[in-house]
Amino acid sequence: MHWFEAVTIKAAPGMMQGVNSVEAALEVMRGWPAKPKLRAAYVVCAEVLDGLKQPDDAREAFVAAAREAGVLREG
């Protein structure tokens, strides 16, 4: 597993979910609409899995994609 500091997202109405790994981020993003930041996050996550980037890089891209998808729990 490739761990990073947990990011809280809105999983469903009234439900929050913590995501704390690249693998979990990839799974969660599968249900999001395809938008530019989502596509970029997939690339960064793949680069982490290939050893080219660090998990924190994936976290940053995941946060941007979650914000773009409207599911990031801010604050």
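Begin by selecting Trp 32, which, leaving aside its neighbours within four places in sequence, is in contact (heavy atoms within 4.5 Å) with Ile 9, Leu 38, Phe 62, Ala 65, Ala 66, Ala 69 and Val 71. The model is a predicted one, in which local features need pLDDT of at least 70 and side-chain atom pairs count only at pLDDT 80 or more, while totals for chains, interfaces and linings use all residues. Residues are numbered from 1 along each chain as its sequence is written, and side-chain values use heavy atoms, with hydrogens and water left out.

Next, select Val 7, Ile 9, Val 19, Val 22, Met 29, Trp 32 and Phe 62, the residues with the most contacts inside the largest nonpolar core, which has 23 residues. Such a core is a set of buried (under 20% relative accessible area, 1.4 Å probe, protein chains only) Ala, Val, Leu, Ile, Met, Phe, Trp, Tyr and Cys residues joined through side-chain atoms within 4.5 Å. Its largest share, 6 residues, comes from helix 3.

Now show helix 2 (residues 36–49) with helix 3 (residues 55–69), which pack at an angle of about 165 degrees with their axes 8 Å apart. That angle makes helix 2 roughly antiparallel to helix 3, a term for angles over 145 degrees. Among the residues that meet here are Leu 38 and Val 48 in helix 2, and Phe 62 and Ala 65 in helix 3.

Finally, move to Ser 21 in strand 2 (residues 15–21), which is buried, with a relative accessible area of 1%. Ser 21 and His 2 are 19 residues apart in sequence, yet 5.4 Å apart in space, C-alpha to C-alpha.

Methods:
Axes fitted to C-alpha atoms, helices over the stretch in contact; angles between N-to-C directions. Helix = DSSP H or I, 4+ residues; strand = E, 2+ residues; numbered from the N terminus. Parallel < 35°, antiparallel > 145°, perpendicular 65-115°, else oblique. Buried < 20%, exposed > 50% of the residue type's maximum accessible area, 1.4 Å probe, protein only.
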